[in-house]
Amino acid sequence: MVRFVSGLTVTERQVALVVLLALSLIGLAMAAAGRGDPMGAQGFIVMIFSVGLGFAVMSGYYAPEPDESRLSRYYDDPTKVGIVLTMIWAVIGMAVGVWVAALLAWPDLTFDAAWASFGRLRPVHTSGVIFGFGGNALIATSFHVLQRTSRARLPDQFTPWFVLIGYNLFCIVAASGYLMGVTQSKEYAEPEWYADIWLVIVWVAYFLLYLRTLARRKEPHIYVANWYYMAFILVVAVLHIVNNLAVPVSFAHAKSYSLFSGVQDAMTEWWYGHNAVAFFLTSGFLGMMYYYLPKRAGRPIFSYRLSIISFWGITFLYMWAGSHHLHYTALPQWVQTLGMTFSIMLLVPSWASAGNALATLNGAWHKVRDDATLRFMMVAAVFYGLSTFEGSFMAIRPVNSLSHYTDWTVGHVHAGALGWVAMITFGSIYALVPWMWKRQAMYSSRLVEVHFWLALAGTIVYVFAMWNSGIIQGLMWRTYNDGGTLAYSFIDSMVAMHPYYIARAFGGLLFLSGAVVGTYNVWMTIRAAHAEAAAGETGADVPIAAGSGAMQAGE
Amino acid sequence: MEIAHDAVVAFSKSWGLFYLVGFSLCVVAYAYWPGNRKAFTHAKMSVLDDDDRPLGDRPLGDRPLGPEA
Amino acid sequence: MPEFFHRKIERNAIGFVVAIVAVASIGGLVEIAPLFTIHQTVEEAPDMRVYTPLELAGRNIYIREGCYACHSQMIRTLRDEVERYGPYSLAVESKYDHPMLWGSKRTGPDLARIGDKYSDAWHVRHLINPRDVVPESVMPKYGWLARNELRIEDLGAHLVAQQDVGVPYTQEMVDNATRDAYGQATPDTDAASGVSERYGAATQVRAFDGDPARVTEMDALVAYLQILGRLTEAPYKQSAAAEAGE
């Protein structure tokens, strides 16, 4: 803790304490006003969080100030902490995922506790992996990429911490709220109004931090990875604000009522939901890919122009595609057709990105063979291509009539989330960790290899199980017997799902084990770095010398 | 404020399409504009640079160049 | 000219930001703007009523427990869905739903027309242990609903918030929210009569959980489930008219 606090100037330490004091007072107010409501418990969580952090800042308050020489180095402390948080959230989010998967096979695992029922745990899983794991990975890597590609240090030491820690406070409030039954029941936008407002504040700070650093950049051209990160930050802000407009019952109630209703709410929700996929789970991670993949492969991106064209294509086309979630519903048909058309057009920029990534590796296949880190990124690009194709296909109305409401959708989402998002993240983290902690390589390259195969096997088992169950389900629902009546009851279709639900839980377990192995590997790499620093106590924070190029190109 | 639904829909359907086409043309023009080639090539190569420090106040022309130099 | 323009965008981060917002939001606007005039296309349903305070509380429990994760409330215009679940859903049916609960996944069946299909006693047994009535079910047990007293004293504030987002609750409904919630689940008390006065004679007033002495979360949730698809007769009339026309 002292290590991190000592990177802040004294003024920044004071600002941090003031912010934490204000936060703990807000927490206290929530706890006091919200007695008898989940708001009260949420207030206690905010209070404990900020008071705890306040002690952490105090413990390093009297450490010597960093000297001016810091300005000639990049500021990576928040990235380091962000990487660790990413791995922690990965394990939490995926473990809950395996748990909810198991609940569908063995429903009595809830032991009559409200918080342990499927409906309350499921958002802990989705938010845990999307926002906890994905969001922390995006924030941590964006700080790194932003500084390197701008060749400028972050403008101050306080804001990046505010963004990272504030964001994690949002995640904690959200996840603990779900367990207490605090949710808006808007998919992927479950957190209630006060958490939403807090996220807006954090997000504005994040956005300004990005702009301030870009303003200090020494490169005239903004590297394309930053475009993707910026689109992620900006559009997620717009989506988040519009979709979460709501009127709280009172300031002492956690509960609110959304401003929109019925068909309007459905359209807004899926405009949000689909663009969360676009700008959270695609745009930001493409930013990651456009930096770490060329860097790790030691080769420039195949076509920079193509990356620009796909950027604007994705930014433009995704916005229209949300209504494919509402085929054959009470939504006007022209909006459905529009959504379908644009979803199909989306295939062009999506495949341009995936192809660009794979073409970059062309000529470096020996590295892909030998280096599991690069292989993570390669497989991610392949799954990105596969799941965007599948997505466009499923947006076609007649296909959607079969796939919608079934496990096929769940399989599709996980092909993207496990195969693309998680794989590109793990690949990037394995590239980034040795750079950040100034090591030649990860603690164990064997374990990276183990993680890779666990992740790949888990993804394949999961996706195939869900494809099977989804298509069987969809077909059973619409099968007629010779008499012209429906052949199967709903329960028949559910019974048929049982073996696939077990297979899915197993696939998830494999993927989770991979994440646990990865977390251990990251942890041991950090420990080794600290042990060496303690032994040598050289004191000087030596930047990676030019000779380190060999290390980055793959061990 | 009562705007006819059909009018809004008609506007979306027609002008939305023009906007899409016009916009695509602009993007392609930008990506292939000959004058941009140098900047793009530089950007493409710059990430491979191994110099892991901010540029500070060193003048632009003085910075270590990537493999394209 | 384009040359100058692009250089400018590329060198100026703010310009770039504006470009992203413009590009992204115009798409959204073109698609979403018509939805703000969509009430002109939503069917008329003069008989459509608002949720009673008890049903609203039940709906909030449905939201709290995350039922939307496994149950949809949107019957699509497909033959097999209409035959399995009933007339397809109309936009008007969810016009008072803040938020809508159309759902996206059917791990369990659609619930848009579940109202009146099963008895209260069946729902109560099913919620306490689904496998008592459907042995193959994978639904969680919701035993605590029958144990928890329903929080009704703040329902007036809920109705005010509903008014703020556009649901036509009257002042009288707001003032009597707590009393009506109590009355709807306790048919033999004085409070019971006001419910049908304010929400219509067809409103179901009974001890939904089988125990008239207490108002539990089970009362509220079952009251909500029993009204699903029953707020208006419009979808049933529409499908009857379609059949007559064939």
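Guide: Start with the salt bridges. This is a predicted model. A search of the whole structure finds 33 salt bridges over all chains.

Visitor: What makes A:Asp112 and C:Arg147 a salt bridge?

Guide: The closest N and O atoms of A:Asp112 and C:Arg147 are 3.1 Å apart. The rule asks for a side-chain nitrogen of Lys or Arg within 4 Å of a carboxyl oxygen of Asp or Glu. The pair has an Arg and an Asp, and 3.1 Å is within 4 Å, so the name applies.

Visitor: Where do the two partners of this pair sit?

Guide: The pair crosses between chains. A:Asp112 is in the loop between helix 4 and helix 5 of chain A, and C:Arg147 is in helix 7 of chain C.

Visitor: Why can such side chains pair?

Guide: Side chains of opposite charge can pair when their charged atoms come close.

Visitor: How do you know that C:Lys141 and A:Asp108 meet in a salt bridge?

Guide: Their N to O distance is 3.8 Å. The cut-off is 4 Å, and Lys and Asp are both on the list, so this pair passes too. Between chain C and chain A the count is six salt bridges.

Visitor: Now the second largest pocket. What makes a residue part of its lining?

Guide: A lining residue has an atom within 4 Å of a grid point of the pocket. The second largest pocket holds about 760 Å³ of space. Of its 39 lining residues, the closest to the centre are C:His71, C:Pro109, C:Leu111, C:His126 and C:Met139.

Visitor: Which helix gives the most to this lining?

Guide: Helix 5 of chain C does, with four residues. Chain A takes part too: its helix 4, helix 5 and helix 18 each supply at least two residues.

Visitor: What classes of residue make up the lining of this pocket?

Guide: The lining has 25 nonpolar, 10 polar and four charged residues.

Terms used:
Residues numbered from 1 in each chain as written. Chains lettered and ligands numbered in written order. Predicted model: local features only at pLDDT ≥ 70, side-chain atom pairs only at ≥ 80, totals over all residues. Heavy atoms only, no water. 1 Å grid on protein atoms, 1.4 Å probe; cavity = no way out; pocket = protein on both sides within 12 Å on 5 of 7 lines; lining within 4 Å. Points joined across faces, edges and corners; volume = space filled by probe spheres on them. Nonpolar A, V, L, I, M, F, W, Y, C, P; charged D, E, K, R; others polar.
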